[in-house]
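Here is the note you asked for on this chain. Please read it with the sequence and the model side by side.

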Amino acid sequence: PPLLPVKIIHPAAWSLSCEFLFYLFFVAFSFLRRLAPHRLVLAALLVLGVVFLSFNPRGWMFLSGLAIAVWAKSRVRAPLFTKAPGFMISVSLLAWHFAFAYAGAHGHPNVNLWQMASTPMALLLFIVGFSAASIGLTGVFFGYGWIGMMLVHPLSQKLGTISYSLYLWQTVTMGVVKQFMYSLGLVSMLGEWSQISFFVLSLPLILLASHLSQEFIEVRFTGFLRSKWRRRTEITALAN
């Protein structure tokens, strides 16, 4: 469910509220550490993070990412069981599916950690799922298995570069294409071929919109904002 009480226009957009809040933490931290002692700010964020993780167990995936980052920095050699990331990620998905089901939510995401802890089997499966996901994603990070090989391919790298823009623009682009097809009567004309035609028409437009968005908004516009902020910071430092 959305972490912020906002109206969701598209059901799949629930994760955007999680992402916005995730980025907001970093912005808040950068400002707060100038106003308060570093350890005090970290302690406050830690308490807030524990509260969020308690009510949103799926947020534990952020901890998997943190564990992988710490592991990579430590330069400790990845253990043998990380060399089958696809298998471990499949285990994590199955374990989490049954964990939420055992918790009495039947897979419903609103279940919190306290509800899950009341059912030992649900809590055990949740821990297994979290551990398997962390191990599997560590394997992907180190490039093991067919998933790792696929992700280092240039096409995957390009799709990864525009992935966030693609995520944002795909629904809008498909909505425009669908309306276009209905207005021209293409859906009834093409019949059972309308779905594949919809895919063929939508895909290149989605990729184009994603590329332009990534290039002009994520790279150039944000680069402009960063340079302006950096210049302001340098002027302030010289004035002081």
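The points below go from confidence to overall form and then to one helix pair.

1. The mean pLDDT of the chain is 84, with 91% of the residues reaching 70 or more. Among the elements, helix H5 (residues 113–117) has the lowest mean pLDDT, at 78, whereas helix H9 (residues 163–183) has the highest, at 92. Where pLDDT is low, the predicted coordinates should not be read in detail.

2. As for secondary structure, the chain has 11 helices and zero strands, so that reading along the sequence gives the pattern α-α-α-α-α-α-α-α-α-α-α. The radius of gyration is 22 Å, well over the 18 Å that the globule rule gives for 240 residues, and the chain is therefore more spread out than a compact globule.

3. Two further values describe the overall form. The C-alpha trace spans about 65 × 60 × 40 Å along its principal axes, and 25% of the 240 residues of the chain count as buried.

4. The helix pair to look at is H9 with helix H11 (residues 194–239), whose axes come within 7 Å and cross at roughly 140°. Since angles over 145 degrees would count as roughly antiparallel, H9 and H11 are therefore classed as oblique to each other. The crossing in which H9 passes H11 is right-handed, and the contact between H9 and H11 comprises, by class, 12 nonpolar, nine polar and two charged residues.

Technical notes. Residues numbered from 1 in each chain as written. Predicted model: local features only at pLDDT ≥ 70, side-chain atom pairs only at ≥ 80, totals over all residues. Heavy atoms only, no water. pLDDT = per-residue confidence, 0-100. Helix = DSSP H or I, 4+ residues; strand = E, 2+ residues; numbered from the N terminus. Axes fitted to C-alpha atoms, helices over the stretch in contact; angles between N-to-C directions. Parallel < 35°, antiparallel > 145°, perpendicular 65-115°, else oblique. Left-handed = near helix turned anticlockwise from the far one by under 90°. Nonpolar A, V, L, I, M, F, W, Y, C, P; charged D, E, K, R; others polar. Rg over C-alpha atoms; globule rule 2.2 N^0.38 Å. Buried < 20%, exposed > 50% of the residue type's maximum accessible area, 1.4 Å probe, protein only.
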